[in-house]
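This briefing is for a reader who is new to the structure shown below. It covers strand pairing, salt bridges, the surface and a few single residues.

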Amino acid sequence: AEYMGFEYVPQRVDGVVGASVVCRSPTVVSSGPPSVADIRIEGETLCMRTLWASYNFKGGAKEGKSLVRWYKSLDGGKFFEIQGIWLSGSKDLYVNADLVHHYLRVMVTPIDADGIRGKSAYSKLVYINVDKTLDQSLKEIILNGSAAFKVGLNEGKADAQSVVMQFEPKKLCVHKEAVSRFAKDKRESLFSLPFSHSPQMLCSPTNKTRFMLRDYKRNEVTQVSFSVQTEQERDLILLAFRAFAAMARAPVAEAILGASAKNWKSEKWIAQSQEKRSTILFQQLSKPGPVFEKYASKHRPGSNRTFFHLMEEILIEQELDQMASTKSTKRHRDGLPFPLG
């Protein structure tokens, strides 16, 4: 931004030049507020990928420190700002497990080099799913009827205590590692948490390899922190947790296992041969998935051919219906296995 001025030199038709006059603007002339156009979310919209925002900046001055903010939504209507260490104030966003089966959009507020701020604008929505490899891993976990992961228990210790987190049809268990493979029955259980409590698991906003487990009981929240070696390992654990939490719902188990859903929470499912379990799963998944008519125009655009999407679609729509039907005078504590906001 600078002052604007001009010099007027009068001259007659016969060539005689008079005294010049110099004029200057009384104030600094700015270029006007900048703007942005063609805002896009680039990259694969899949878990464990990195997305980035791109846009065209327009203004009389060069671009300064424009603001880029990311938002997520479960239903495409109400959005929450994404905050955490995976943003680092940049245009990039690592797609962690918390964002799976959510809509994302990015907002850009243009700011030029002079600090002048323009009007904010939004990108179109994108939808986050899992890729085929990750989807197959989750399918195999449900096929086996249980899953175990070595994690660090961070509570109350300078160094994480090495423990095993195990998912079973009815509950999540955390126990100390067995001394040997023959000591399985003697391992010490630290705690267990039934899926009927509708617990939640979420990424830590301050540490890339930590995650939290929340239990809601008698309107009190208990939270325990765990750690792993990589972001990818953390995301797989969170998605496996969500798969077992979904299967704890009867409508989900019936959609995935059909008539065999009654065996899921008992040892009868695991007692069957792997070949029989695979056949049941294959036959059931070959059938058309459920259709949610009132949401067809805007909700859940992911393919119900994706195993994990089919599972969570039923749970999510069930919870959205419950929240929508709850009177404003009565707060509904949603049963989602991940945080809504």
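Two strands count as paired if DSSP finds at least two bridges between them. By that rule strand 16 and strand 17 (residues 220-227) are paired, since eight bridges join them and they run antiparallel. Within this pair, Y216 stands opposite V221 of strand 17. The model is a predicted one.

**Strands 15 and 16**
- Strand 15 (residues 200-203) pairs with strand 16 (residues 210-217) over four bridges, in the antiparallel sense.
- Just how do strands hold together in a sheet? They pair through backbone hydrogen bonds, and the pairing is either parallel or antiparallel.

**The open sheet 3-4-7**
- Three strands form an open sheet in the order 3-4-7, with antiparallel pairing.
- Strand 3 (35-42) and strand 7 (92-94) are the edge strands, as each pairs on one side only.
- From one strand to the next, the twist averages 15°.
- Strand 4 (residues 50-58) meets strand 7 in the antiparallel sense over three bridges.
- W52 has D92, in strand 7, as its bridge partner.

**Salt bridges**
- The count of salt bridges is ten, on the rule that a side-chain nitrogen of Lys or Arg lies within 4 Å of a carboxyl oxygen of Asp or Glu.
- R40 and D38 form one of them, at 2.3 Å from N to O; R40 is partly exposed at 32% relative accessibility, and D38 is partly exposed at 43%.
- R49 and E44 form another, at 2.9 Å from N to O; R49 has 22% relative accessibility and E44 has 47%, so both count as partly exposed.
- E188 and K176 also meet in a salt bridge, at 3.2 Å from N to O.
- This pair links distant parts of the chain, twelve residues apart: E188 lies in the loop between strand 13 (171-176) and strand 14, and K176 lies in strand 13.
- E188 is partly exposed, with a relative accessible area of 44%, and K176 is partly exposed at 31%.

**Positive phi angles**
- D38 is not a glycine, yet its phi is positive, near 55°; D38 sits in strand 3.
- S198, also not a glycine, has a positive phi of about 55°.
- S198 lies in the loop between strand 14 (189-194) and strand 15.
- Is S198 buried or exposed? S198 counts as buried because its relative accessibility is 19% and the cut-off for buried is under 20%.

**A surface patch and a buried glutamine**
- F6, Y8 and V21 make a nonpolar surface patch of about 340 Å².
- F6 belongs to strand 1 (residues 5-8) and is exposed, with a relative accessible area of 54%.
- Q284, in helix 5 (residues 274-285), counts as buried at 16% relative accessibility.
- The Q284 side chain reaches the backbone oxygen of A255 at 3.4 Å.

Note on methods. Residues are numbered from 1 along each chain as its sequence is written. This is a predicted model: local features need pLDDT of at least 70, side-chain atom pairs count only at pLDDT 80 or more; totals for chains, interfaces and linings use all residues. Side-chain values use heavy atoms; hydrogens and water are left out. Patches are made of residues with over 30% relative accessible area and no salt bridge: like charges are joined within 9 Å, nonpolar side chains (Val, Leu, Ile, Met, Phe, Trp, Tyr) within 5 Å. Accessible areas come from the Shrake-Rupley method with a 1.4 Å probe; for residues, only the protein chains shown count as cover. Helices (H or I, at least four residues) and strands (E, at least two) are DSSP runs, numbered from the N terminus. Buried means under 20% relative accessible area, exposed over 50%, partly exposed in between (1.4 Å probe, protein chains only). Axes are lines fitted to C-alpha atoms, for helices over the stretch in contact, and angles run from 0 to 180 degrees between N-to-C directions. A polar contact is a pair of N or O atoms within 3.5 Å; within protein, one must be able to donate a hydrogen and the other to accept it, and residues adjacent in sequence count only if both atoms are side-chain atoms.
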